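Colleague: I am new to this structure and would be grateful for a close look at a single part of it.

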Amino acid sequence: MRKKVTIVGAGNVGATAAHWIASKELADVVLIDVVEGVPQGKGLDLLEALPIEKRDVSVIGTNDYADTANSDIVVITAGIARKPGMSRDDLLNTNFNIMSDVAGKALAASPNAIFIIVSNPLDAMAQTAFKKLGLPRERVIGMAGVLDSARFRTFIAEELKVSVENVTAFVLGGHGDTMVPLSRYSTVAGIPITELIPADRLKELETRTANGGAEIVKYLKTGSAYYAPSAAAVEMVEAILKDKKKILPCAAYLQGEYGISGLYVGVPCKLGSKGLEQIIEIKLTPEEQAALNKSADAVKELCTVIGVA
């Protein structure tokens with residue numbers, strides 16, 4: 001029997017995630033949205049592409065959570081997108097209400113699902129879902145670090161003119177301006193990038209990574225990034241469905257790891273069939289720990305505003 005993945009929110013991120021999942025033949029996909037006709041139209045269009053791609057999966061669009069029943073994974077992308085001049089924090093209250101509503105409905109239909117949260121502000125929305133759902137932390141994971149690391153890897157590969165396959169990068173902390181790109185743990189074919197890129201230039205790449213989302217919003221003017229965010233979410237989906245035990249930077253609910261408790265913060269996570277299977281703790285310098293603490297404080301501030309801290 002094929003696996004089943006529900007994607008809540010049929011906007012650009014949700015629909016593109018459905019596209020990646022179907023094109024990889026990972027699972028049957030249900031695209032659900034509050035807007036009538038949009039998930040149905042996008043779902044049917046994608047389904048009609050699959051004979052060309054020679055992929056046997058079902059894709060349906062719906063407005064009814066009954067169609068999402070017994071999903072293995074629920075990916076929540078629902079929420080309003082960022083507009084120019086709008087910070088992630090401006091999204092906070094609107095998306096808090098949306099997340100509170102959709103998470104509960106999705107859980108009622110799929111009580112055994114693992115939840116991947118993509119809506120912004122990411123860490124606060126993951127915390128919202130965790131509190132509303134009442135599930136163990138292993139089953140509620142935020143997508144942020146995979147995207148931020150991919151951006152960092154892109155910039156490193158471009159800088160050094162090497163294959164992106166040679167580049168590994170780590171980004172910790174909240175998904176926003178306070179994220180912590182760890183250059184010391186980032187490598188090209190096993191060589192630390194600190195030995196390949198001058199410190200001042202590296203700092204510029206780290207800053208560009210932290211502002212990666214805003215850079216794309218500035219270009220698009222009426223929308224935000226969706227190819228890379230959806231691909232990042234699907235890498236997490238694939239790691240879970242295939243029980244890969246893959247270590248990816250994700251937003252996880254910390255219970256003392258890295259000296260932080262009771263908050264969703266980006267850390268290296270092992271993902272497998274049970275969801276979050278292990279949090280990997282790496283040694284940080286005092287400066288890195290201070291930056292991570294600052295990032296966690298920014299997350300806590302948002303969570304306090306919406307009452308989920």
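Which residues form one aromatic cluster?

Modeller: The model is predicted, so to speak of local features requires pLDDT of at least 70, side-chain atom pairs count only at pLDDT 80 or more, and totals for chains, interfaces and linings use all residues. Residues are numbered from 1 along each chain as its sequence is written, and side-chain values use heavy atoms, without hydrogens and water.

The cluster is formed by Phe130, Tyr253 and Tyr264. Rings of Phe, Tyr and Trp (its six-membered ring) pair if their centres lie within 6.5 Å; planes under 30 degrees apart are stacked, over 60 edge-to-face, and the rest tilted. The count by this rule is four aromatic pairs. One of them joins Phe130 and Tyr253, a tilted pair with 4.2 Å from centre to centre and 35° between the planes. This pair links distant parts of the chain, 123 residues apart: Phe130 belongs to helix H4 (residues 122–133) and Tyr253 to strand E12 (residues 246–255). Helices (H or I, at least four residues) and strands (E, at least two) are DSSP runs, numbered from the N terminus.

Tyr253 also pairs with Tyr264: the ring centres are 5.6 Å apart and the planes stand at 50°, so this pair is tilted. Because Tyr253 lies in strand E12 and Tyr264 in strand E13 (residues 261–272), the pair ties together parts 11 residues apart in sequence.

As for burial, buried means under 20% relative accessible area, exposed over 50%, and partly exposed in between (1.4 Å probe, protein chains only). Phe130 counts as buried at 13%, Tyr253 is buried at 11%, and Tyr264 is buried at 0%.
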